[in-house]
Every structure is written in structure tokens, then in C-alpha cells.
Amino acid sequence: MNEVLALIEVKKQELEQLPLLKYMGNESIEPLKRLAWIPCLAPFAMSFGDLNKFVLRQEPTNNKIQQIINIHTYEDDHHWQWFLEDIKKLGFDHSIPFSNSLKFMWSHETHKTRLVCHKIGLLYTFNTDPILRLAISEAIEATGHVILYRTAQIAKELTESRKQKYRYFGQSHFDVETGHPMGTENVEEFIASLELSKETKNKAFELVEAVFGAFTEMFHECMEYIINYSLEQPYTKPAKKKHELVM
Ligand SMILES: [Fe+2]
């Protein structure tokens, strides 16, 4: 499994280089603007709980690897509540007609974000070997580490100026995601020691690439969102650009 974990490390570094991550790390931009993509994250943040509860978690199981995955799903299945809390605190809790909020959630502008959980669900469903499922789970967690590390830096600045704590975007979420849930002590050694056949390893590489691919597209979409939407009217569809109006 070591080689799969090594690939995940490489993919994390690639993620760091994406325009969104660079933008978030640019301290010359005011903190809230660096989080202006948050509304675009909503379809993912809200679906992720269901992905954990109803897809990634497989119970009952006697398989130690699946048990490790399950423990992580219990950790992650309720973080959408923190997301809603932070949406309010950060000023994104605008009042709009219900139909408009649904339109936004299912708009073209948020489709890559919306598809992340679907794509992962399919990869997971069609790959039943627990080792492959673990590779998917490890890749998901790794993307979380990358983005939450950046949001925690920004949230820290906002906490200082606004005297507010942010449970989804702040340090505490990063700490939870990078820590060890109860019952997973020494889990890293166990995971690293897993022996994979050549065929399984290659499949695991493919799955890691696919998971990171889905998140990469999501982060590109979030960056597009920053460019096209305003902080003041976060859920209003941008006016069509000139070249899109040409029939
Ligand atoms: Fe989480």
C-alpha cells in the first residue's frame, strides 16, 4: 500500500498548485474574498454526509479494512451541519426563493461540484475489494487535508478580526480530519503494511487518480465561481458573457 500512499502524496502536492489553492493562499486578498467560492461548494458539502452514511459505510462487516473506512464515515457524516453554521457566520445565508436555491444547487455552474459524490459512489460501488475501497477513502481524506489546511489559515484571520469560530472551515475541522478517530490508533502502520498484488495496485492507482480528478474539477469550478459571481449576490446566475450570447 506504500506506493499507493506515495501517489496520494504526489497528488496532494499537485492539488496545492491549482489556481483556487493559490488564490486562497494569497494573503494580499482580503480573507472573505478568498472564501468567496463557498456557495459553490454547497452541493458537495451537503451530499458528503449521505455519501458517508449510505455508500462508503458498509455494515455489518468483519473486515478490518472496512471497519477502518466505517470509522471515518462516522467522523464525516455530520460535518454538513458545521458547513451550514459557517455559511451563516460568514454572511452567505441570503434569503432567496426556495426554487432559486434549488436552481443554484442544480445549475450548470455547480455541476462538477455536484458530481463529486456521484463519481466517488460509482467508483466505490464497482470496486468491492476493501483494499481498493480504502484507497478511495484515503484519497478523499487527502483532498480534505489540502483544502482544509488553506481554509483554516483564512478562518484564523477571520476569527481574529470577527471574534467568531468556524467549525467547518476552521482549524478544528482540519484537526479532526488529520487526527485519529477512536479505534484507529496505529492505523497508518497497518494500512502501509498491506500487501497488494500488481493488479490491485494498478487498480488502486487508477482509483486515486479518479478521485483526485473529480476534486480537481470541483476546485476549478469553484475558481470559476469566484470569477463569475459576486460576494454580494452569491446565488444569482451571472450574466451571459458576450461570446456565449452568439448563436
Ligand atoms: Fe469533514
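Predicted model: local features only at pLDDT ≥ 70, side-chain atom pairs only at ≥ 80, totals over all residues.
Local features here need pLDDT of at least 70 and side-chain atom pairs count only at pLDDT 80 or more, whereas totals for chains, interfaces and linings use all residues. Residues are numbered from 1 along each chain as its sequence is written, and side-chain values use heavy atoms, with hydrogens and water left out.

Taking a salt bridge as a side-chain nitrogen of Lys or Arg within 4 Å of a carboxyl oxygen of Asp or Glu, the count comes to 10. Lys-11, Glu-14 and Glu-209 are tied together in a network of these. Within it, Glu-14 pairs with Lys-11 at 2.9 Å, N to O; both sit in helix α1 (residues 2-16), 3 residues apart, or about one turn of the helix. Helices are DSSP runs (H or I, at least four residues), numbered from the N terminus. Glu-209 meets Lys-11 at 2.8 Å, N to O, and that pair links distant parts of the chain, with Glu-209 in helix α12 and Lys-11 in helix α1, 198 residues apart. Lys-11 is buried at 11% relative accessible area, while Glu-14 is partly exposed at 43% and Glu-209 is partly exposed at 36%; buried means under 20%, exposed over 50% and partly exposed in between (1.4 Å probe, protein chains only).

Asp-86, in helix α6 (residues 79-89), is another story. Asp-86 is buried yet has no salt bridge, and the nearest side chain of opposite charge, Lys-89, is 4.7 Å away; for charge, Lys and Arg count as positive and Asp and Glu as negative, with His and the chain ends not counted. Beyond its neighbours within four places in sequence, Asp-86 is in contact (heavy atoms within 4.5 Å) with Lys-165, Tyr-166, Arg-167, Tyr-168 and Phe-169.

His-72, in helix α5 (residues 64-76), is buried too, at 12% relative accessible area. Its side chain makes a polar contact with that of Glu-141 at 3.0 Å. Such a contact is a pair of N or O atoms within 3.5 Å; within protein, one must be able to donate a hydrogen and the other to accept it, and residues adjacent in sequence count only if both atoms are side-chain atoms.

As for lining residues (an atom within 4 Å of a cavity point; a cavity is a set of points on a 1 Å grid over the protein atoms alone where a 1.4 Å probe fits but cannot get out), α9 (130-162) gives the most to the largest cavity, with 7 residues.

Key
Helix = DSSP H or I, 4+ residues; strand = E, 2+ residues; numbered from the N terminus.
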